[in-house]
Amino acid sequence: DHVVVGGGCALRRSDDGGQTFSRLPFTARDQGCSSPLVAFSFPTESTGYVLLAGGRVLATADGGRSFSRRTTLPGNANDLLCTGALTCFTAGVGNIQRTDDGGVSWTQVSTSPYPLNRLATAGPLTMYAVGYTVAKSTDGGQTWDTSFPSGVPARELTGISCGDELHCLMTTRDNPTQFGPLYRTVDGGVTATAVTPSTDPTFAVAFADSTRVIAAGGVGSAEVSN
């Protein structure tokens, strides 16, 4: 029943399955804030983290009713994913950062010559980060291996969602306005094949369970696979 949505200078939370939403005051106003929202992650009902432009990080311990500052990242990041109340990861231009103390300190755990856009979990210890390459960890984010799936043309990977450690779907684009097909891997990112759920561009994809997937994209299109 707990849903958090956000963008720009606004963050909202629902505790009744999306029937109603309340404002989470990470900034003083919903428009014109100095550091807009980049990403957020709530690993528990009460604990959450917010990544702002410029690498600023905020934390909440009361479900978003109040926020406090954490240590600013040593570089800008594009995504934030928390796997526990104190453990979070960020992905950005050329690196993955990790904290095990709730954002008090950050340690670089991976380097890459390519920007990374999104992080995702695929199992208890398996994680992926995608961008102009694919970074994969099988030890809970301690170490990462970087490669690009065979069968995928040179294009930007904008997102990833996984049903298990091996089966994942990745969204792609050729340029800021030209979104490509989905790419499906069944071997943990070693190879991938194109999947076209719709003639409309696909912007996002998510697994509801190990086999059920929803894709969403242009003009509000939505497609479901079982």
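The largest pocket of this predicted model is lined by 16 residues, and Arg-118, Gly-159, Ile-160, Ala-204 and Val-205 lie nearest its centre. A pocket is here an open set of points on a 1 Å grid over the protein atoms alone, with protein on both sides within 12 Å along at least five of seven lines, and lining residues have an atom within 4 Å of a point. Two or more lining residues each come from strands S10 (107–121), S14 (156–162), S15 (168–175) and S19 (202–207), where strands are DSSP runs of E of at least two residues, numbered from the N terminus. S19 gives the largest share, 5 residues. The lining comprises 9 nonpolar, 4 polar and 3 charged residues; Ala, Val, Leu, Ile, Met, Phe, Trp, Tyr, Cys and Pro count as nonpolar, Asp, Glu, Lys and Arg as charged, and the others, Gly among them, as polar.

The second largest pocket is also lined by 16 residues, the closest to its centre being Leu-169, Arg-184, Val-195, Val-213 and Ser-225. Its lining has 10 nonpolar, 4 polar and 2 charged residues.

Elsewhere, 4 strands form an open antiparallel sheet in the order S4-S5-S6-S7, two strands being paired if DSSP finds at least two bridges between them. Strands S4 (37–41) and S7 (68–70) are the edges, each pairing on one side only. S6 (residues 57–60) is joined to S7 by 3 bridges, and Val-57 stands opposite Arg-70 in S7.

Residues are numbered from 1 along each chain as its sequence is written. Local features need pLDDT of at least 70 and side-chain atom pairs pLDDT 80 or more, whereas totals for chains, interfaces and linings use all residues, and side-chain values use heavy atoms, with hydrogens and water left out.

Note on methods: On a 1 Å grid over the protein atoms alone, a cavity is a set of points where a 1.4 Å probe fits but cannot get out, and a pocket is an open set with protein on both sides within 12 Å along at least five of seven lines; lining residues have an atom within 4 Å of a point.
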